[in-house]
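Here is a short tour for anyone meeting this structure for the first time. Take a look at it, and then let's walk through its parts together.

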Amino acid sequence: MRGKQCSLIVALVVTISLSGGIATTVRAGNAEIPVLRGLKEVFVDVEDLDFRVERTGLTTDHLRTDAELKLKMAGIKVQSEKESMRTPGSPQLYIMVKVLGTSSGDYAAHIRVELRETVGLVRHPGTEVFTSTWTTGKFGVTHSLSGVRQQEQKLIDKFISEYMAANPK
């Protein structure tokens with residue numbers, strides 16, 4: 001069993017390594033423009049956690065509530081999914097948390113926060129795709145599921161910080 005968990009952790013690390021980095025600006029002619037500029041609201045979508053993780057106390061609802069509260073406290077409007085579908089670009093703050101318990105009682109976690117929205121393809125005018133335009137993530141090992149939750153909150157803080165820098169009041 002230990003070899004299987006080690007293999008899963010190695011596979012997780014390789015997957016994360018290949019998944020890319022953080023994109024926070026986009027080219028517009030000769031200028032770089034923060035991709036979060038002009039964003040007014042988002043729908044928070046949290047990928048369902050594994051049922052075994054939910055049974056031990058960390059739930060999808062906890063993660064969603066944490067994110068929504070942080071965004072609201074920062075002055076970022078949180079929309080329902082239905083409202084988001086009527087907003088240009090249908091902006092969605094997508095949160096993915098993958099957790100794997102280890103034989104030592106620790107938790108290996110991969111956490112990803114992305115802004116997903118509808119964008120147009122330059123090479124095919126009129127073609128729109130729903131994709132990630134901003135992303136950040138973290139991989140680590142923690143002693144508790146509350147540590148996983150704290151790491152998710154730090155990534156939400158990173159989004160808020162970059163949002164505020166792109167949208168000064």
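Val97 stands opposite Ile111 in β6, in a model that is predicted. β5 (92–101) and strand β6 (residues 107–120) pair in the antiparallel sense over ten bridges; two strands count as paired if DSSP finds at least two bridges between them. Helices (H or I, at least four residues) and strands (E, at least two) are DSSP runs, numbered from the N terminus.

**Reading the model**

- Residues are numbered from 1 along each chain as its sequence is written, and side-chain values use heavy atoms, with hydrogens and water left out.
- Because this is a predicted model, local features need pLDDT of at least 70 and side-chain atom pairs count only at pLDDT 80 or more, while totals for chains, interfaces and linings use all residues.
- The chain has a mean pLDDT (the predictor's confidence in each residue, from 0 to 100) of 84, and 80% of its residues reach 70 or more.
- Over residues 14–31 the pLDDT is below 50, and this stretch has 27 contacts in the model beyond near neighbours in sequence; a contact means heavy atoms within 4.5 Å.

**The chain as a whole**

- Five helices and seven strands make up the secondary structure of the chain.
- Starting at the N terminus, the elements follow the order α-β-β-β-α-α-β-α-β-β-β-α.
- Of the 169 residues of the chain, 38% count as buried; buried means under 20% relative accessible area, exposed over 50%, and partly exposed in between (1.4 Å probe, protein chains only).
- Among contacts between residues at least 6 apart in sequence, 63% join residues at least 24 apart.

**The sheet**

- Five strands form an open sheet with mixed pairing, in the order β4-β3-β5-β6-β7.
- β4 and β7 (128–142) stand at the edges with a single partner strand each, so one side of each is left without a neighbour in the sheet.
- From one strand to the next, the twist averages 30°; axes are lines fitted to C-alpha atoms, for helices over the stretch in contact, and angles run from 0 to 180 degrees between N-to-C directions.
- β3 and β5 run parallel and are joined by four bridges, while three bridges join β3 to β4, also a parallel pair.
- Phe43 has a bridge partner on each of two strands: Gln92 in β5 and Gln79 in β4.
- Asp45 has Tyr94 as its bridge partner in β5, and Lys98 has His110 as its partner in β6.
- Eight of the ten residues of β5 are buried, so this strand is largely enclosed by the rest of the structure.
- β3 is mostly covered too, with five of its six residues buried.
- Thr135 is found in strand β7 and is buried, with a relative accessible area of 7%.
- Thr135 and Arg112 are 23 residues apart in sequence, and their C-alpha atoms are 7.2 Å apart in space.

**Helix α3 and its surroundings**

- Helix α3 (residues 60–73) has 14 residues and reaches 20 Å from its first C-alpha to its last, close to the 20 Å expected at 1.5 Å a residue; the expected span is 1.5 Å times one less than the number of residues.
- Which residues of α3 are buried? They are Thr60, Leu63, Asp66, Ala67 and Leu71.
- These residues cover an arc of only 135° around the axis, which puts them on the same side of α3; the arc is that of the directions from the helix axis to the C-beta atoms.
- The face of α3 turned away from its buried side carries the exposed residues Asp61 and Met73.
- The cover over the buried residues of α3 includes β3 (41–46), α2 (51–55), β4 (77–79), β5 and α5 (145–166).
- α3 lies across β3, β4 and β5, and runs at about 165° to β3.
- α5 packs on the sheet and touches β5, β6 and β7, its direction making about 135° with that of β7.

- Most residues other than glycine have a negative phi.
- Ser90, a residue other than glycine, has a positive phi near 45°.
- Ser90 is found in the loop between α4 (81–85) and β5, and at 12% relative accessibility Ser90 counts as buried.
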